Amino acid sequence: MIKFVGGFDKVASLPNTQFPEFAFVGRSNVGKSSLINALVKANVARTSNTPGRTQTLNLFNVDDKIMIVDLPGYGYAKVSRANALEWLNRLEEYLTTRRQLRRLFLLIDSRIGVRDSDLDLMDFCDIHGIPYQVVYTKKDKRVREKSQYNLSHENHPAMAAEIIETSAEKKTGLEPLRTIIGIK
């Protein structure tokens with residue numbers, strides 16, 4: 001059973017639980033909420049075609065065993081520079097202080113490929129020893145980007161070696177994520 005715990009504006013407002021947390025982050029409109037809904041087989045995360053809809057740290061309790069965290073996207077959402085900087089600071093605070101965080105899933109739209117903002121986040125995680133896993137989304141869609149950047153665990157020490165390819169729409173690539181998180 002999954003339940004929405006709440007949307008939190010500040011890291012300090014997050015509940016202090018003993019549950020391990022698995023967080024999802026990526027550029028705006030990468031499909032974070034859709035992927036979370038597909039993983040838990042329920043429409044709990046709000047989805048939208050408008051980039052930047054997720055503006056808070058959204059927590060979901062799964063079977064009173066784990067927490068899934070839907071983090072605000074970064075990239076091309078139409079928000080003020082001040083808001084974008086506030087989101088970035090909150091993301092960095094979450095990643096560096098949240099002791100419950102077990103793994104960050106860095107979602108990348110497979111149609112678009114890796115962008116500088118993704119690489120910046122990967123470098124941040126590598127420097128701070130924050131374990132993350134790259135997850136390509138929308139694998140059922142046509143690739144638009146001709147030159148896809150090849151990611152390598154050797155170049156990113158905090159990155160899990162396996163890159164997971166998913167489609168929330170076609171429900172493919174979900175089992176490896178469910179296994180890592182520990183949900184059925």
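## A buried arginine and its surroundings

R90 is buried and yet has no salt bridge, the nearest side chain of opposite charge being that of D9, 4.4 Å away. The side chain of R90 does, however, reach the backbone oxygen of D9, at 2.7 Å. In the fold, R90 belongs to helix α2, which covers residues 81-97. These values come from a predicted model.

### The overall fold

The secondary structure of the protein comprises four helices and seven strands, and along the sequence these elements follow the pattern β-β-α-β-β-α-β-α-β-β-α. The protein has 184 residues, of which 51% count as buried.

### Two loop residues

Is Q100 buried or exposed? Q100 sits in the loop between α2 and β5, the latter strand spanning 101-109, and its relative accessible area is 2%, so Q100 counts as buried. The side chain of Q100 makes a polar contact with the side chain of N16, at 3.3 Å.

E162 is also a loop residue, placed between β6 (132-137) and β7 (164-165). Because its relative accessibility is 45%, E162 counts as partly exposed. E162 and S152 are ten residues apart in sequence, and their C-alpha atoms are 9.4 Å apart in space.

The distances given for these residues, with the kind of separation that each one describes, are set out below.

| Residues | What the distance describes | Distance |
|---|---|---|
| R90 and D9 | nearest side chain of opposite charge to R90 | 4.4 Å |
| R90 and D9 | side chain of R90 to backbone oxygen of D9 | 2.7 Å |
| Q100 and N16 | polar contact, side chain to side chain | 3.3 Å |
| E162 and S152 | C-alpha to C-alpha | 9.4 Å |

### The cavity

How many cavities of 30 Å³ or more does the structure hold? The structure holds one cavity of that size. Sorted by class, the lining of the largest cavity is made up of four nonpolar, three polar and three charged residues.

Definitions and conventions. Residues numbered from 1 in each chain as written. Predicted model: local features only at pLDDT ≥ 70, side-chain atom pairs only at ≥ 80, totals over all residues. Heavy atoms only, no water. 1 Å grid on protein atoms, 1.4 Å probe; cavity = no way out; pocket = protein on both sides within 12 Å on 5 of 7 lines; lining within 4 Å. Points joined across faces, edges and corners; volume = space filled by probe spheres on them. Nonpolar A, V, L, I, M, F, W, Y, C, P; charged D, E, K, R; others polar. Buried < 20%, exposed > 50% of the residue type's maximum accessible area, 1.4 Å probe, protein only. Lys, Arg positive; Asp, Glu negative; His and termini not counted. Salt bridge = Lys/Arg side-chain N within 4 Å of Asp/Glu carboxyl O. Polar contact = N/O pair within 3.5 Å; in protein donor to acceptor, adjacent residues only side chain to side chain.
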